[in-house]
Amino acid sequence: MNLLPSFRTVRPETLAEAVSALSAQGAQALGGGTDLLPNLRRGLGLPTTLVDLGAIGDLTGIAVLPDGSLRIGAGTSLEAIAEDASVRGAWPAIATAAALVAGPTHRVAATLGGNLCQDTRCIFYNQSEWWRSGNDYCLKYQGDKCHVVVKSDRCYATYHGDVAPALMVLDAQVEIVGPQGTRMLPAAQLFNEDGSNRLTLGQGEVLAAVVVPPAGLWRARYVKVRIRDAIDFPLAGIAVALKRDGDRIAGLKLAITGTNSAPLLVPTEAFVGAEWNAATAQAVVQAVRKTSNVLLTTVAGVKYRRRVLLAMTRKVVDELWSDS
Ligand SMILES: Cc1cc2nc3c(=O)[nH]c(=O)nc-3n(C[C@H](O)[C@H](O)[C@H](O)COP(=O)(O)OP(=O)(O)OC[C@H]3O[C@@H](n4cnc5c(N)ncnc54)[C@H](O)[C@@H]3O)c2cc1C
Ligand code: SF4
């Protein structure tokens, strides 16, 4: 059995102290640890200091702001988000996505920040040190070749977070606090489509909160497929937000996960004003197909993941259309 590497743990009580601790070389944020600690036990990373964010009161809580927006602290547990009455009532896609992460015991410990910032995954990476050394490691960590896209100079490990796509289709912003102060950016811009450089956070920056605008007339849903329904990462997942005006699409947003190295918004501007019919459905499915890039990074077959993603797309937009 692999042991955790040796590191120091600090437990700041304010965001300012956390930023200062995270600004040191080799420091890494610790949320619930449900992604980070299993990885460290496999020898994936050698932080010198883990900055436990669990004692920072400002990082937890769910509030509906005076303008009707939703603010969720990055340290809030996924269980609390899944069960919160205001999230379930006005932003049900976020509650569903949180409720579909891993298993119940993970969701008690797992935080929103850790869920969004989780590492990318690959069958050549999420393995023991012994296994990886026998395969000459890989480009993402300790090696120099990618075994999935052999001639590539970048890593294609897949992002499997469930909550990000639901936030992205609802136009959420992330609040980032760092040595230079606080900045807001659209949730999609938190991510790089690069498996070994997955986040746009700078040294010392911490994800502090997510702010979601009022849902208004948008109806949204998140669905995923996984091997074991009780506890698994999405093999593919899609969030859809739809605004219907009679027989026309007044707004459509799609975001996918489990397919690329980042959760991605699918271009959908062309569908605004269209009728929802077989031709539009086919075009929407094609847009998802073009954006997705499913590779052999999981034990499940590529063809299956592609097909199921497209089938889910059609089904969920159909359902939202009928329910709107
Ligand atoms: C068996 C199993 C099944 C799983 N299934 C799923 C699944 O179905 N869907 C899914 O989405 N995930 C799944 N996960 C992954 C993980 O459990 C969740 O993503 C969880 O939400 C991670 O949150 P955490 O707080 O535990 O993160 P941590 O493990 O604490 O951190 C994860 C990463 O985020 C960084 N981080 C944490 N908080 C912050 C912050 N505030 N600012 C900046 N960086 C931060 C850490 O440095 C680390 O790199 C699974 C894990 C396991 C072990
Ligand atoms: S996609 Fe390639 S570089 Fe990235 S983890 Fe997998 S094998 Fe390694």
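Biologist: How far is the oxygen atom of ligand 1 from a polar backbone atom of D35?
Modeller: That oxygen-to-backbone distance at D35 is 2.8 Å, and a polar contact is a pair of N or O atoms within 3.5 Å. Keep in mind that this is a predicted model, where local features need pLDDT of at least 70 and side-chain atom pairs count only at pLDDT 80 or more, while totals for chains, interfaces and linings use all residues. Side-chain values use heavy atoms, without hydrogens and water, residues are numbered from 1 along each chain, and chains are lettered from A and ligands numbered from 1 as written.

Biologist: And what about the side chains of Q28 and R198?
Modeller: An N or O atom in the Q28 side chain sits 3.1 Å from a ligand 1 oxygen, and for the R198 side chain the distance is 3.1 Å.

Biologist: How much of ligand 1 does the protein bury?
Modeller: It buries 92% of the 970 Å² that ligand 1 exposes when taken alone (Shrake-Rupley areas, 1.4 Å probe).

Biologist: Which residues come nearest to ligand 1?
Modeller: A29, T34, T111, D162 and D232, out of 34 around ligand 1 (a heavy atom within 4 Å).

Biologist: Switching topic: which residues does L167 touch, leaving aside neighbours within four places in sequence?
Modeller: L167 is in contact with I94, L112, L116, A172, V210 and V212 (heavy atoms within 4.5 Å).

Conventions
Polar contact = N/O pair within 3.5 Å; in protein donor to acceptor, adjacent residues only side chain to side chain.
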